[in-house]
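I opened my notebook to get to know a new structure.

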Amino acid sequence: MTDRLTHRTDLTQGSVPRVLLRFALPFLMANVLQALYGGADLFVVGQFDDAASVAGVAIGSQVMQTATGVITGLTTGTTVLIAIGTGARDERQVARTIGTATWVFALMAVVLTAVMALGHTPLARLMQTPPEALRDTEHYLLVCSLGIPFIMGYNVVCGILRGLGDSRTPLYFVALACVANIVLDFALVGGLGLRAMGAAIATVLAQAASFVTALWFLRRKGLGVPFTRSDVRPARRLTRQMLTLGTPLALQDALINVSFLLITVIANQMGVVASAAVGVVEKIIVFAMLPPMAIASAVATMTAQNYGAGLVSRMKQCLRAGIAMALAFGVAVCLYAQFLPETLTGIFTHDAAVVAMAADYLRSYSFDCIAVAFVFCFNAYFSGQGNSWFPMTHSVVATFTCRIPLAFWFSRLWPATLLPMGFASPLATAVSMLLCFWFVGRSDRRLAAQFAGQGA
C-alpha cells in the first residue's frame, strides 16, 4: 500500500495553537457524533418507554462504557507508538506497529466479547439494578456485548489513522454510525416497541456499519506508509511496548468507569428515580467532556510526534495551548449548568421527578468540567511521551480515596437529593490536578536531560 492518505497533518511544524486546534476539531466533531449515537439510545427510549426502561439503558450503557474505555486505552498505546514513529520519520517502525496491532487486538476482541456476553446477567445484578429495570438491563448488555469486535476494530483503525496525523477521516466513520443508530433507534424502539433491546440492536448494527466502512476505506486508500501483508505479524518487542503503554491507560479508564459504576450502584439504592437521574446526567456529562477530551487526544498525538522529533519546547507549548482551550469550554459549561440545568436534563426524559433530581446533580457535577481541563491535558502530555503509568496512578488514588468514599458518604448524609453527591467528582479531579502539577516539573527536567544527552 502506498502513501495515498490526503488528510495527514505534520504536527511538528507550524503555529502550535493553530495546528493543535485544526487537528483537534475533527476529534471534537467525531466525539460529538459518537456521543450522539450513544445518547440517542437513552433519548429515544425516554420518549417511548417508562423510567424502568430508561434506567435499564442508562445502567447498561455505563457497563458498556467501561468496556469501551478499556478498548480505547489499549488502542491509545498504538496511536502513541505510531505517532512517535511518524515524528521520527521511521516508516518501517510505523508499518510493524500497525501489523502487530492487528494481531493483538483481534485476539483481545474475541476474549472480551466472550467475557461480556457470558457475564451480562451477573453484571446487571452486581450493579444493584432496581428489580423493575433488571430485564431491560440484561437485554441491553447481552446484545451490546456481541458488538465488541466492531468497537475494537473501529478504535484500532481510527487510532492508526490519528497516529499518522489524520484526524479527519475517522470523523466520517462516526458520522455514518451516528445516522444509522438514530434511524434504527426510532425504528426498533419507537416503531417495533423493543424497548432497551431495540436500542442495543441499533447500536451494534451502527457500529458494524462503521467498522466495515473503515476497512473498505483502508483497502481503497492505503495507510499512508509503505505497508504489505508481510507486516501483519506479531512482533514481540512492539507487542510489549504496546501493552506497556496501553495497559495503564486501559486500567485507568476501567477503574474510573468502575468508580462511576459504583456511584451508579449507590444511586440505584436510592430508588429508580435517582438511578434514572444519574444516568441522564452521565449522558450530559459525556457531551460536556467532549471538547476537553478531543483537545487532550490531539495533545497526546501532537506531543508524541514532537517527542519522536526531539522538539521538547514545542511539546510544552502544546500542553499550555491545550489547557487554555479546554478551560474555556469547561468554564462555559459550568456556568450554564448553574442557571439552566433543567433545559439539559429535560432532553432525555419527561418525568418531572427525574428532571428535577438530575438538575441538582448536574449543578454540582459540572464543576468537574473546569478541573478536567487541566488533568486531561496533563495526562495526554505524559502519555504522548510514553509515560502512561503516572496518569493511571494519580487517577486511581483520586478515585478510590476521594470520589467513591465522598459519593457514598454524601448519599448517606443527604439521601433525598443528589446535589451533594455531585461534588464528589470535581473534588477527586482536583486531587489529580494537584498531583499533575507536582509531577510535570519532574517530567520536564527528565526530558531536558534526555534530549541534551542525545544532542537534540
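**Ground rules.** I am reading a predicted model, where local features need pLDDT of at least 70, side-chain atom pairs count only at pLDDT 80 or more, and totals for chains, interfaces and linings use all residues. Residues are numbered from 1 along each chain as its sequence is written, and side-chain values use heavy atoms, with hydrogens and water left out.

**Confidence.** I looked up pLDDT (the predictor's confidence in each residue, from 0 to 100). The chain averages 81, and 91% of the residues score at least 70. Helix H12 (residues 312-339) has the highest mean, 92, and helix H9 (residues 236-268) the lowest, 73. Helices here are DSSP runs (H or I, at least four residues), numbered from the N terminus.

**H2 and H3.** How do the axes of H2 (residues 51-87) and H3 cross, and within what distance do they come? They come within 10 Å and cross at roughly 170 degrees; the axes are lines fitted to C-alpha atoms over the stretch in contact, with angles from 0 to 180 degrees between N-to-C directions. The two helices are therefore roughly antiparallel (over 145 degrees). I noted contacts (heavy atoms within 4.5 Å) that involve residues including Leu-74 and Ile-82 of H2, and Phe-105 and Met-108 of H3.

**Thr-113.** I found Thr-113 in H3 (residues 91-118). Thr-113 counts as buried because its relative accessibility is 14% (buried means under 20% relative accessible area, with a 1.4 Å probe and protein chains only). Its C-alpha atom is 5.8 Å from that of Ser-145, 32 residues apart along the chain.

Methods. Buried means under 20% relative accessible area, exposed over 50%, partly exposed in between (1.4 Å probe, protein chains only). Angles under 35 degrees count as roughly parallel, over 145 as roughly antiparallel, 65 to 115 as roughly perpendicular and the rest as oblique.
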